[in-house]
Amino acid sequence: MDGNGTPPSPVKSIGVPLPMVDGPEKISGRAQYTSDFYDPSALAGAIKRSTVAHARILNVDTSAAEALHGVHAVITGSETDEGHGVLPISRTELPIAHDKVRYRGEPVAAVAADSIEIAIKACGLIKVEYDELPAYFTAEEALSEDAIDLHDHREGNIERHVEFEIGDPDEGFAEADLVHETEYHCAEVCQVQTEPHAAYAEYDGERDELTVRASTQVPYYVHLMLSKILKMPKSKIRVIKPYIGGGFGCRTEALNVEMITAMLARRAKGTVRTVISREDTFITHRGRQEQTVKIRMGMAKDGRVTAVDCKTIQRGGAHSGYGIVTILYAGSMLFAIYDLHHVRYDGKRVLTNTPPCGAFRGHGTVNTRHAFENAMDEMAEKLGLDPFEVRRINLIKELGFTASDQWINSYGLPECLDVVERASGWRDRIGNLPPGKGLGLGCSHYISGASKPVNWTGEPHATINLKLDFDGSVVILTGASEIGQGSNTILVQCVAEVLGIDPSRVKVVDADSRVTPKDNGSYSSRVTYMVGNAAIEAANNLKGVLMEAAARKFEVSPEDVECLGEVYRAGTQDEGMTFEEVVMAALEGTGTITVKGNFDTLPESWGGKKYRGAAIGGTMAFSYAAQVVEVTVDPNTAEITVDKVWVAHDCGKALNPLTVEGQIQGSVWMGMGQALTEETAYHDGLLISGNMLDYRVPTFVDSPPIETHIVESNDPHGPFGAKEAGEASLAGFLPALTSAVANAMGVRVHELPVTPDRLLQLLEDKEREMRAATAAE
Amino acid sequence: MKSYLSLQVNGRQRDDAVSGNLLLVDYLREVVGLTGTKIGCDGGECGLCTVLIDGKAQHSCLTLAATCNGKSVETIESLGDGGRLSAIQRGFHEKLGAQCGFCTPGMVMAAEGLLRENPEPDEETIRTEMASNICRCTGYVKIIEAVQFAVEELKSKKEAA
């Protein structure tokens, strides 16, 4: 109570723009990332990679490498016969290729040596004899009739063919006033997180135990795969996730880097540190696949979509990775954004002799959303409708289940549209812009965590432990992976809010398998939603303990205790007890307190059974986004400048508006990279864009202002009403950009990235056609 | 062949024997033990390794350690204001100029170099002067806000003094 007799009130943490709790460490250089671990006794690991795209390995001669002074271990594909992979049904990728290599750059051997120079030299001394096989660098080549199979268990090089029909598409097309078919091609892109992959493995020969630090988004999947690959009991392995320099999906599966480093450490009977190059980080890949999307859409005169037929082919690369999941998302995520009833989908994931693709931010949804939104705009133009009008007439009418059985409990897309329409001045500006300037609109959505985990074990989706001790601090023990998205900050805010205490009292210990409860990791935008809910439950449990302790001291029943955060009291006139006094009361007779909170998804969210794999796309909550992009196109060079982006993202309750904005801006910008410049390029399977310059990562000068609006639809099941904030805003940029360019120049580019040469070609074609038409008159 | 290197690192005198091909970034991280400076690429692509050499922002991955003889090198570890964050660091913290933080040390040092030369850059200048530093998390929006925050902080500090 202060001097005026005003009781203290619980501290507000939710909805507050709290800077990240681990900001000072990162900003002062104290944060330790995997490659910052050095030990004088650590050996340097290096990976020898295949120089051919597809071949049988006839022989690997390591004798010269082993004889080199300073070399402590040389391993080849014979080190393990166990495969790794995401789904239990597709764990066929070997950390080091054994009898066959399937892409240029696939590991064929690895060395641990006294220095990186010696390790690289030893790699050069390893002789690999190949019997080359025909290699396929496009989906078309891999699907051709005479193509040989990359994997024996995948006939015709089809990793997965997904077909479904929901509703009655034929009837839907019959109902349409306009039926239109269009095709879009999206180049392969890579995450290019700033931290190259690294692993640091310490093998304890006395105990036959292993400690691995790795740059991963999924330390517990790494743990699982290490146990499988090394054939070591899980209890003898400890995985620690240090600070992580981004991921955007390329680290959502265990990568060969950490498995190879662990195998080297065991073989060398010591500590091995492997940091791979930027080029090799590109080759390790797991980016977004090259993809062709064909959309046939039926539309009524008023803009209502009556039917959709989507055919897509993805070039998945040489191994499964997340491929099966990706091709399922590409279909299921056609739903849950607009009111669709009649949909046919045919998706093929194809195996090719290129590095394996994976789960890039916006996983599975981005390229199909790009084609879908463009198709809507193409048809709107033909029907003389405004892009906003077409989106609005297709909005979902009521919450509940989609035709595909996906569960929608909150839907802020209508408001997102209103906000960006107003903010961009669309109504007044569209059609009245000077030559070379254009506006475009794109909508997108994403899941807040997949409602079924890839490893189904029966455990809850998320578990949080809270530790309370004599010092009066509340320690969150979480396996969730802070990778820069701010998940530790969100967990602190959730716990502090429930207890009403100052967030500086709450500390986080994260992602160390020896200490923290297991967590599936940071992917599918699951952490805020799932782990946040678990944190709230744990904090409520802790609050219950504290209320009881205070009640004992006050000699009242717990219901009569009032929690004011830093003060607990029994009656309004009572001075009460400080938080620290209540903590000491709670510890009496029991000592250190640990409580837990769990989260599980509701069965309604598990997706339907309308086709095999329909569970992919099930979630407790969908987030939504709309964005308007403004461009200026130079009529002579076709160079595109993005002048500004207005984006609105429905993230439910914004638990931390500052970090939510950061996530939205990062998503929009990453969409811009894919739309305008980024592309991996191969020559006969050899990566020729393996650096940030040739890959063309946008810089400060290429990047627009992004006016960011938060729409709060408040999800009934989300933590304090929150949904995901870090993925949905990516996909909408792509179609908004192509539509803005079409608005500016009258031509729509169907290939990504929209490079000046592609646009210039279309502009020249258009001019030629116009001249020919004039001449004919 | 090793050569004798005598320089100041974050204001401390150091004398080492270094190989002619040792990069400054490897010298700082592996010899001195200052791991705040990061490596994000295979050479000159990303700016993560930016440090100040005689007060100017430079890529330490494109600099041979031996060429720094007699010079003064400043890294992220040198910044701070009486045990707390410096104005630029505070801007990065409060405006969320850092997400994953891996580009942050280089980004902060690039901003430090910029503001020493030009204490009141406009947005255009910030964009061009920092264009050799790559970030994949922020879209640069909040990094610009962070630098602008620092500009204002330093201005009001100067006025107060």
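# Notebook: contacts, domains and salt bridges

**Entry 1. Chain B against chain A.** I looked up the contact between the two chains first: 46 residues of chain B and 53 residues of chain A take part. I note here that the model is a predicted one. I then looked up the area. Chain B and chain A bury about 3900 Å² between them, and carbon and sulfur atoms carry 62% of that area. I wrote down the reason for looking at area: the size of an interface is often given as the accessible area lost when the parts come together.

Entry 2. For polar contacts, I found 23 residue pairs across the interface of chain B and chain A, with both residues at pLDDT 80 or more.

Which elements give two or more residues to the side of chain B that touches chain A? I listed five helices of chain B: α1 (24-32), α2 (87-94), α3 (104-117), α4 (123-129) and α5 (141-160). I also sorted the residues on that side of chain B by kind, and got 23 nonpolar, 12 polar and 11 charged.

**Entry 3. Two domains in chain A.** I moved on to the domain assignment of chain A. Domain 1 is made of two stretches, 395-452 and 618-768, and domain 2 covers 453-600. Their contact takes 22 residues from domain 1 of chain A and 22 residues from domain 2 of chain A. The C-alpha centres of the two domains lie 37 Å apart.

Domain 1 and domain 2 of chain A bury about 1600 Å² between them, and 63% of it is on carbon and sulfur atoms. Which three residues supply more than any other three of the area that domain 1 buries against domain 2? I found A:K452, A:P719 and A:F720, which supply 32% of that area.

**Entry 4. What crosses the domain interface.** I searched for salt bridges between domain 1 and domain 2 of chain A and found 0. Polar contacts are there: I counted 11 residue pairs across this interface, both residues at pLDDT 80 or more. On the domain 1 side, β18 (437-447) and α17 (657-676) of chain A each supply at least two residues that touch domain 2. The residues on this side divide into 9 nonpolar, 8 polar and 5 charged.

Entry 5. I kept one general point in mind: side chains of opposite charge can pair when their charged atoms come close.

I looked up A:E79 and A:R267, which form a salt bridge with closest N and O atoms 3.0 Å apart. Why does the pair tie together parts that are 188 residues apart in sequence? A:E79 lies in the loop between β3 (71-76) and β4 (100-101) of chain A, and A:R267 is in helix α7 (residues 256-268) of chain A, so the pair links those parts. I checked accessibility for both. A:E79 has a relative accessible area of 19%, so A:E79 is buried, because buried means under 20%. A:R267, at 44%, is partly exposed.

The loop between β3 and β4 came up again. A:K228 forms a salt bridge with A:E82, the closest N and O atoms being 2.9 Å apart. A:K228 is in helix α6 (residues 219-230) of chain A and A:E82 in the loop, 146 residues apart. I noted 25% relative accessibility for A:K228 and 25% for A:E82, and each is partly exposed.

Next I looked up A:D469 and A:K467, a salt bridge with 3.9 Å between the closest N and O atoms. Buried or partly exposed: which is A:D469? A:D469 is buried at 14%, whereas A:K467 counts as partly exposed at 29%.

I also recorded a network of salt bridges that links A:D386, A:R392, A:D418, A:E421 and A:R427.

**Entry 6. Helix α16 of chain A.** In this helix (residues 579-587) I found A:F579, A:V582, A:V583, A:A585, A:A586 and A:L587 buried. The buried residues of α16 pack against several elements of chain A, among them β19 (462-468), α15 (527-554) and β25 (593-599). Just after α16, A:G589 takes a positive phi of about 80 degrees.

How values were computed
Residues numbered from 1 in each chain as written. Chains lettered and ligands numbered in written order. Predicted model: local features only at pLDDT ≥ 70, side-chain atom pairs only at ≥ 80, totals over all residues. Heavy atoms only, no water. Domains from an automatic or database assignment. Contact = heavy atoms within 4.5 Å. Buried area = accessible area lost by both parts, 1.4 Å probe. Salt bridge = Lys/Arg side-chain N within 4 Å of Asp/Glu carboxyl O. Polar contact = N/O pair within 3.5 Å; in protein donor to acceptor, adjacent residues only side chain to side chain. Helix = DSSP H or I, 4+ residues; strand = E, 2+ residues; numbered from the N terminus. Nonpolar A, V, L, I, M, F, W, Y, C, P; charged D, E, K, R; others polar. Buried < 20%, exposed > 50% of the residue type's maximum accessible area, 1.4 Å probe, protein only.
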